[in-house]
Amino acid sequence: MTVLPPHLEVLLKDISTPAYVVDMAVLKKNMATAAHIRKESGCRILLATKAFALPVVFSLMREFLDGTTASGVHEARLGRETFGKEVHVYAPAYTRNSIHELLTISDHIYFNSADQLRRFLPEVKAYGRDKLVGIRINPGYSNATLGGHLYDPCSPRSRFGVLRRDLDDLPWDGIDILHAHALCESLHHGSVGLIEHMAREFAPYLRRVGAVNFGGGHFFSKAGYDIEALIRAIRDFRAAFNVEVILEPGSGCVVDAGYLVATVVDVIHNETDIAILDASASCHMPDVLEVPYTPPLYGAAAPGENPFTFILAGNTCMAGDIIGEYSFPKPLKPGDSLVFGDMLQYSFVKNNTFNGTPLPDIALLHEDGRYEVVRRFGYDDFKARLC
Ligand SMILES: Cc1ncc(COP(=O)(O)O)c(C=O)c1O
């Protein structure tokens, strides 16, 4: 059972729930790790805003990172307006309109297919010499630790990246960056494995570009990740191919740096004890259902380990809106507060208001213990997306 650390006790008292809470001390620690990797390996690190986009903490993050990478026009614009520094963008496919907009916003544009590259390369190059062009390849390297094929960009029949057999046909003169995103929540074995795999299998192509982007999925702030192994692998790779190296993690930047705090609204019994919360898997923790995974919960353990086992469920109509089954030393009752751990990546960037469910507050837990709500949502946010 993971015991609630003393500095989180404030989350059990008098805060409005549900709430996503960023632990600023942990975020700073993660950012210091990123800065160490950049300094010692000479790579550049971008924040993938698809995983975590919270402008209020970008002022802190931009001190430690080189910029952001976006999944399309809106994220690129957010990165440009609120983070600054470099803006990269990759999408599986662009329309002509999106390319035109991206040319005015982003520094570097990555293409997913030979067709898209050929179609838009002349416009990108004509726009300005400082716009760099990347091509995503499918490196044929699988190491994603989550969700099987769902989170493996190199799974069979994947739509991501140019296949090895088609690489010779690319217009290499126009390509500046090779992009190989293949990981998901991978420890150093995955990061180092991908880097070494690329060196072994793609050397002739690596010599044709100025930079290699090893994508996201590097879980560098997770306990057990050997940072020094990553640093060595990047250094060796840079020396062997005389290229710049870019990483674009999302989860690795914010892992274990935040919580979702919820309150028990009702307790019912149907074969087992069930607690209905003001937080919902469907609306507020979508990866719980998609991956699927069961988030850590402070003060609780796996079913049966403590005397009182409960299913924790959301307050929506969906029968499958279940966060998970946990056991507790004491029975849950309405009004009890629950603190789920590791709830920053792919949480509030993906949430929704199904059933008109209110969105959680977004709050910061400052290093001095101060709890600050930076955004509260209401009926107007629900309505604005409908009409
Ligand atoms: C192209 C690309 N880059 C970066 C990322 C960020 O990955 P993560 O949040 O796992 O680090 C993703 C995630 O899907 C991605 O598709």
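This report describes the ligand site and the cysteines of a predicted model.

Residues are numbered from 1 along each chain as its sequence is written. In this predicted model, local features need pLDDT of at least 70 and side-chain atom pairs count only at pLDDT 80 or more, while totals for chains, interfaces and linings use all residues, and side-chain values use heavy atoms, with hydrogens and water left out.

The ligand is surrounded by 14 residues, and the closest include Glu 248, Ser 251 and Tyr 346 (a residue is near if one of its heavy atoms lies within 4 Å). This shell holds five nonpolar, six polar and three charged residues; Asp, Glu, Lys and Arg count as charged, Ala, Val, Leu, Ile, Met, Phe, Trp, Tyr, Cys and Pro as nonpolar, and the others, Gly among them, as polar.

Three polar contacts (pairs of N or O atoms within 3.5 Å) involve oxygen atoms of the ligand.

| Residue | Protein atom | Distance to a ligand oxygen atom |
|---|---|---|
| Lys 50 | polar side-chain atom | 3.1 Å |
| His 181 | side-chain N or O atom | 3.4 Å |
| Gly 217 | polar backbone atom | 2.7 Å |

The ligand taken alone exposes 400 Å², of which the protein buries 87% (Shrake-Rupley method, 1.4 Å probe).

The whole structure has zero disulfides (pairs of cysteine sulfur atoms within 2.5 Å). For Cys 43, the nearest cysteine sulfur belongs to Cys 253, 11 Å away. Cys 43 is buried at 4% relative accessible area, where buried means under 20% with a 1.4 Å probe and protein chains only. Cys 184 is also in no disulfide, and the sulfur of Cys 154, the nearest, is 12 Å away. With 12% relative accessibility, Cys 184 counts as buried.

Technical notes
A polar contact is a pair of N or O atoms within 3.5 Å; within protein, one must be able to donate a hydrogen and the other to accept it, and residues adjacent in sequence count only if both atoms are side-chain atoms. Buried means under 20% relative accessible area, exposed over 50%, partly exposed in between (1.4 Å probe, protein chains only).
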